[in-house]
Amino acid sequence: MKFWKYFYGFWIIAFALFSYWQFNDPDPEVWVSIYAVAIIFCLMGIRGIFPRYPLTIVVVACLVGAVYFWPESVSGWIGQEIEQGDLTMKTPEMEEGRESFGLFIVALVMLPGLIRSWKK
C-alpha cells in the first residue's frame with residue numbers, strides 16, 4: 001500500500017508541474033483543468049478511494065483524446081522537439097503531439113486505480 005502512496009504522490013507533483021507549464025499554452029483552461037482532475041484522483045488514490053465510474057470516464061476520455069491528437073509520426077515529432085532544443089511551440093503538430101502524450105500519461109496513471117475499483 002505504501003508504494004501506491006508514493007506513486008500517486010509523485011504524480012501529484014508531476015501533474016502540478018504539467019499544469020504550471022500550460023499557462024503559456026493557447027488553451028490553458030482546458031489543460032490545467034485536465035491536470036487538476038488528475039491531481040484530485042491521485043489525492044483520492046493516496047487515501048485508497050477509487051470511484052469506479054468517474055475513473056472509467058476519465059480513463060476512456062483520455063484514451064480517446066490521446067488517439068484523436070496522436071501525431072502522424074511520433075519519431076518525426078520527437079525529432080522536431082530535439083531539433084528545436086527548447087519547449088516553445090513552433091508548429092501545431094508539436095502541440096498536438098504534446099497534448100496526446102499528456103492525455104496518454106493521465107490515462108496510464110489512472111489505470112491502476114481503475115483496475116482496483118473494478119476488483120472490489
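Trainee: At what angle do helix α1 (residues 2–21) and helix α5 (residues 92–119) pack?

Mentor: At about 150°, with their axes 11 Å apart. Axes are lines fitted to C-alpha atoms, for helices over the stretch in contact, and angles between N-to-C directions run from 0 to 180 degrees. Helices are DSSP runs (H or I, at least four residues), numbered from the N terminus. Bear in mind that this is a predicted model, where local features need pLDDT of at least 70, side-chain atom pairs need 80 or more, and totals for chains, interfaces and linings use all residues. Residues are numbered from 1 along each chain as its sequence is written, and side-chain values use heavy atoms, without hydrogens or water.

Trainee: What makes α1 and α5 roughly parallel or antiparallel?

Mentor: Under 35 degrees counts as roughly parallel, over 145 as roughly antiparallel, 65 to 115 as roughly perpendicular, and the rest as oblique. The angle is about 150°, and α1 and α5 are therefore roughly antiparallel.

Trainee: And what do you call α2 (residues 28–46) relative to α5?

Mentor: Their axes cross at roughly 15° and come within 10 Å, which makes α2 roughly parallel to α5.

Trainee: Where does α5 have a kink?

Mentor: At Leu 111, shortly before the proline Pro 112, and it is about 35°. That bend is the angle between axes fitted to the seven residues ending there and the seven starting there.

How values were computed: Helices (H or I, at least four residues) and strands (E, at least two) are DSSP runs, numbered from the N terminus.
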